[in-house]
Amino acid sequence: MRNNKLSFISHIIVGIILIAGGIFFARTKLDIILSFNSPQKLYNDGYYFTNASKTDIDSIYAVAVHDIIDTGYGSSDNKSEIYTIMADDGVYFLEAHPGNKKINSMLETFDNYAKDENKDSKDAPVEYLIVAVKDDTYNQLSDVANEIDPDNTYRDNGALNTDIYLKNTSLTKEIVVALGGTIILFVMGIGFIILAFTRKSTNNDNYERLCALDERLRDNLGELDNISDYVDKTIGAYVYKDHLILNTKFGLDMYNLKDLVWMFHRITKQKMYALITVSVSYSLQINLYENGRIRECNVTVTHDKKAEGNMEALVEYVGMNYPNALVGFNPETQDAYREFKRSHK
């Protein structure tokens, strides 16, 4: 069979490459996936924010919060509030939505601890947030700093950072992308392998059907060139004993033309910049009525850009020799096939 072994091996190789790609992608994203979007786990795994991280605006960190205060500053649309947080190595400004349940819970926790008369005998609370670095887009940080640090004590010793926000965020998007990318690569890889074995099994079944049609063809498919009623070796199309045989690089397919209801060819063009045709696919739409059921098949035949005439000639031959079948794609054949389906439900 034409390139059958090569096609099988190539599908297996592509499948293995995709699965290996999925494993590699998962390994690069493993820390994100295994964080389970937990800020405390991210912190314990070493992805914590420090002063040295403030120039890295492309990464996401966890920050340990030892205290938090609402400054009363924020955006005019009330969708963003500025808080000061005491972190491991200094005081930072945090931007978050004022309705954020986690932030409000933290405010309540630290407020209750401050009011607790027995707090000296208890461990101070520590909360965790997932944050990303954000520039001072509202130009408010200096005003806030002047209010909470009027004598410049914290700023002079470098404890208060007034050039960045820490924006409250999460790893949900990153986890979804990491898991989604891994799953997609795995599914595609497994799909290619399944397709390879399915196609191989189908090829073998069709080969046995063809040999049952004429034993002379066993181990000698080239004999089709000599005994077929219709031969087009360019696209691998043959008509023999009322069967359409397609022996292409995509596999061996076989259809009983006595069961044919409608056949036409499709042309699919892949274009670059919507102008330049970079590849063309020719396929046959073969709709049959077999054992009381309609079967619709779309079979890829070739990518040869010069094969349009061959496809047209094949469809024309079938139309001339099997007049009970519909051939070609036009409003009349569409209506006739629609009526056939309606009457053969």
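Lys258 is exposed, with a relative accessibility of 64%. This value comes from a predicted model. The side chain of Lys258 forms a salt bridge with that of Asp242, at 3.6 Å from N to O. Asp242 is partly exposed, at 27% relative accessibility; that label applies because the value falls between the limits of 20% and 50%. The pair connects distant parts of the chain, 16 residues apart. Lys258 sits in the loop between strand 10 (251–256) and strand 11 (260–272). Asp242 sits in the loop between strand 8 (237–240) and strand 9 (243–248).

Across the whole structure, the search finds 15 salt bridges. Side chains of opposite charge can pair when their charged atoms come close. Another pair is Arg155 and Asp149, whose side chains meet at 3.1 Å, N to O. Here Asp149 is buried, because its relative accessibility of 1% is under 20%. A further salt bridge joins Lys134 to Glu95, at 3.8 Å from N to O. This pair also links distant parts of the chain: Lys134 belongs to strand 5 and Glu95 to strand 4, 39 residues apart. Both residues, Lys134 and Glu95, are buried.

An open sheet of 6 strands runs in the order 1-5-6-4-3-2, and its pairing is mixed. Strand 1 (60–65) and strand 2 (67–74) are the edge strands, each pairing on one side only. From one strand to the next, the twist averages 45 degrees. Strand 1 pairs with strand 5 (residues 127–135) in the antiparallel sense, over 6 bridges. Within this pairing, Val63 has Leu129 in strand 5 as its bridge partner.

Two helices pack on the sheet. Helix 4 (residues 101–115) touches strand 1, strand 2, strand 3 (81–87), strand 4 (90–96), strand 5 and strand 6 (160–168). The direction of helix 4 makes about 120 degrees with that of strand 5. Helix 5 (residues 141–148) touches strand 2, strand 3, strand 4 and strand 6. The direction of helix 5 makes about 115 degrees with that of strand 6.

Strand 6 contains Ile164. Ile164 has a relative accessible area of 5%, so this residue counts as buried. Beyond residues up to four places away in sequence, Ile164 touches Phe49, Lys54, Phe93, Val133, Lys134 and Leu141. One of these, Lys134, is the salt-bridge partner of Glu95. The C-alpha atoms of Ile164 and Ile57 are separated by 9.9 Å, and these residues are 107 residues apart along the chain.

Note on methods: Residues numbered from 1 in each chain as written. Predicted model: local features only at pLDDT ≥ 70, side-chain atom pairs only at ≥ 80, totals over all residues. Heavy atoms only, no water. Pairing = 2+ DSSP bridges. Helix = DSSP H or I, 4+ residues; strand = E, 2+ residues; numbered from the N terminus. Axes fitted to C-alpha atoms, helices over the stretch in contact; angles between N-to-C directions. Contact = heavy atoms within 4.5 Å. Buried < 20%, exposed > 50% of the residue type's maximum accessible area, 1.4 Å probe, protein only. Salt bridge = Lys/Arg side-chain N within 4 Å of Asp/Glu carboxyl O.
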